[in-house]
Amino acid sequence: MYSKEFVTNVYRTLLTIRVFETECIKLYRQGFIRGYFHPYLGEEAIAVGVCAALTDKDYITSTHRGHGHCIANGANLDKMIAELLGKKDGYCKGLGGSMHIADTTKGNLGANGIVGAGIPIGVGAALATKIRKDDAVTVTFSSDGAANNGVFSEALNLAAAWDLPFILVLENNQYAVSTPIKESTREVELVKRGESLGVKSFRIDGNNVFEVYETTKEAIRICKEEKGPVLIEAVTFRHGGHHVNDPGLYLQKEELDYYMSKDPVEFARKYLIDDLGLNESEVEEIDSIVNKQIEDSIEFAKENGEMSSKEFLKFIENY
Amino acid sequence: MKELMYREALNHALLEEMRSDDTVFIMGEGIAERGGSFKVTVDLLKEFGSQRVIDTPISEASFTGAGVGAAIAGMKPVVEILFSDFTMLIMDQLVNQAAKFNFMTGGAGKVPMVLRTQGGVGNGLAAQHSQSLEAIFYHIPGLKLVMPSTPKDAKGLLKAAIRDDNPVIFLEHKLLYMNKGLVPDGDYIIELGKADVKKEGSDVTIIAWSNMLIRSLAAAEKLEEQGISVEVVDPRTLVPLDKETILESVRKTEHVVIVQEAIRRGGIGSDIASIIQEEAFDYLNAPIKIVAGLNTPVPFNLNLEKIVVPQEEDIISAVQNLVGVYQE
């Protein structure tokens, strides 16, 4: 049984990601956001469960589908939405966009437009903490798609050879863009790849935020009391296509229905009501706080200015 | 001043920077106990231990990426890639990650990493161990590119590279490691982006770097005996490029020969020539001559290896022809 405070925080963060993505997709449709936008809808429990177990000293690296990781890691929503709109007070001053949001002051070493590339970067952050003897772990969020990239095996092996405090979280949403996992690899249980490298590995329900949280806590314990790295394969499913302009028609209906029935936001909401005895209106109060917050951040982002070409030319003068 | 080999000068730079800054650490293949294939990292393991002098598996993309990650997380890694040819394995981490992180984060993130590697022909190592690939790095915004030719420059530039906040490609040459030269005692740095006039002259300017600088100096000496006064300019860092020192020399001699070991096509020499013609066209008394490697992979056979990269005679005859054109 988790405390009311803990679950309320978890629910609020899950819902923040849900509303953030939903509202930003609307902004995309309205032409306020351009470029690529890879929604995290349906996978929220992984970012939230993992980050709930982390402290300020820990590092994360994220992916192209990274908004959820940023939010769960405590990112400022004004700066996030401003970045999606290409504005000057965005996390990257409008130079990065959706796939490059980072906040090194909070240990978020960045989303990444290259699938798999965050794995060696995360290994490097873990190496830094080991050299400095920091009491910290590094979590790299990655995916089933990235598992077929060369640096997955190389970097996880490196982390194992060097006993690094590194946790590789594979968000196995079972599709790499449109290709189902069974077409891209013979052994679909990616957990076995970790085991084959001598890495303690777990395969869990990625839609159950508590299971993700408990597994991450155990992974941190292993990194600190035994030796890392640890691999967590969190099985989940996207609620839609690869990005906002992909209708995801290849997603199998029965699979989608199944995962919709295990929606992570609904799961936490139900827990608050059924297990912790909150009433509907108490939960709705959280909902309205979250909605208002996103609304305000959208307002901020819309009104925020842009970097001028003069400022840009100054910025790049040493390139 | 003390006479040191190029590789010893590099070793001293690493030693001093590691002593003065705990965040500096080095990693690469066989660099710890073995001291590196070119003996640049000898004895560092003894002083700094295996936490800061790290042997890596043969996983170039990933240990370079680990360098990038460690740099973002506050360390100053010096990553060694045994042959510049192997940097082709690390291009994502270098080009898409290290070079762009500062930019993509709007200036908030930094990647203070040095990537040491070595290139060039020598010792019959054939097509996959002899390339001069500097133009590839030169082309990527966000990377600095250093190519020292002397022990003194090697030490001062490596120390500056380690202290720099940006990713720096530090490209050594396999034929330079045993070269000796006078090196100032103790701590000094050579600022990145400052060319050095290695020899003063008045008739023609040779612009060359790395091993071609050494070869150009030898050629210049013979040309002096023939009454041609040659100025030899060593850019030392190609990014940033010290245009002013180059243009000043061009304005003085009015004749330019650019010597590069890399193949001619798409080379740095061509870019420097384009800068000169754009900014000092009125001073030129003859077309700019580029002496460069042939557009070919490097052959194994020694005689053939010699014809694919500029030799001393090639530089001498290029200068003679250029000045001759002028005299006629």
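Colleague: What makes H1(A) and H11(A) roughly antiparallel to each other?

Modeller: This is a predicted model, in which local features need pLDDT of at least 70 and side-chain atom pairs count only at pLDDT 80 or more, while totals for chains, interfaces and linings use all residues. Residues are numbered from 1 along each chain as its sequence is written, and chains are lettered from A and ligands numbered from 1 in the order in which they are written. Now the helices: H1(A) and helix H11 (residues 264-275) of chain A pack at about 150°, with their axes 9 Å apart. Angles under 35 degrees count as roughly parallel, over 145 as roughly antiparallel, 65 to 115 as roughly perpendicular, and the rest as oblique. H1(A) and H11(A) are therefore roughly antiparallel.

Colleague: And the crossing of H1(A) and H11(A), left-handed or right-handed?

Modeller: Left-handed. That word applies if the near helix is turned anticlockwise from the far one by less than a right angle; clockwise would be right-handed. The H1(A) side of the contact includes A:Val7, A:Tyr11 and A:Leu15, and among its partners in H11(A) are A:Val265, A:Ala268 and A:Leu272. By class, the contact has 10 nonpolar, 1 polar and 2 charged residues.

Colleague: Why are H1(A) and H2(A) called oblique to each other?

Modeller: Helix H1 (residues 4-29) and helix H2 (residues 44-51) of chain A pack at about 140°, with axes 10 Å apart. The angle runs on a scale from 0 to 180 degrees between N-to-C directions, with axes fitted to C-alpha atoms, for helices over the stretch in contact. H1(A) and H2(A) are therefore oblique, and their crossing is right-handed.

Colleague: Which residues make that contact of H1(A) and H2(A)?

Modeller: From H1(A), A:Val10, A:Thr13, A:Leu14, A:Ile17 and A:Arg18; from H2(A), A:Glu44, A:Ala45, A:Ala47 and A:Val48. "In contact" here asks for C-beta atoms, placed from the backbone, within 7 Å. The classes come out as 6 nonpolar, 1 polar and 2 charged. Ala, Val, Leu, Ile, Met, Phe, Trp, Tyr, Cys and Pro count as nonpolar, Asp, Glu, Lys and Arg as charged, and the others, Gly among them, as polar.

Colleague: On to chain B. What makes H1(B) roughly parallel to H6(B)?

Modeller: Helix H1 (residues 6-20) and helix H6 (residues 151-163) of chain B pack at about 30°, with axes 8 Å apart. That angle makes H1(B) roughly parallel to H6(B). Their crossing is right-handed. Among the residues that meet are B:Tyr6, B:Ala9 and B:Ala13 in H1(B) and B:Ala154, B:Leu158 and B:Ile162 in H6(B). By class, the contact has 8 nonpolar, 1 polar and 5 charged residues.

Colleague: What is the order of the open sheet of 7 strands in chain B?

Modeller: The order is S3-S2-S4-S5-S7-S6-S12, with mixed pairing. Strands pair if DSSP finds at least two bridges between them.

Colleague: What makes S3 and S12 of chain B edge strands?

Modeller: Strand S3 (53-55) and strand S12 (237-239) of chain B each pair on one side only. From one strand to the next, the twist averages 20°. Inside the sheet, strand S4 (residues 76-81) and strand S5 (residues 114-119) of chain B run parallel, joined by 4 bridges. B:Val78 stands opposite B:Val114 in S5(B). H6(B) packs on this sheet, touching S2, S4, S5, S6 and S7 of chain B, and its direction makes about 160° with that of S7(B). Helices and strands here are DSSP runs, numbered from the N terminus: H or I of at least four residues, or E of at least two.

Colleague: How many strands form the open sheet that holds S9 and S14 of chain B?

Modeller: There are 5, in the order S9-S11-S10-S13-S14, and the pairing is mixed. Strand S9 (196-199) and strand S14 (289-293) of chain B are the edges, and the twist averages 25° from one strand to the next. Strand S10 (residues 204-208) and strand S13 (residues 256-263) of chain B pair in the parallel sense over 4 bridges. B:Thr205 has B:Val256 as its bridge partner in S13(B). Helix H7 (residues 210-225) of chain B lies across S9, S10, S11 and S13 of chain B, at about 170° to S11(B).

Technical notes: Contact = placed C-beta atoms within 7 Å.
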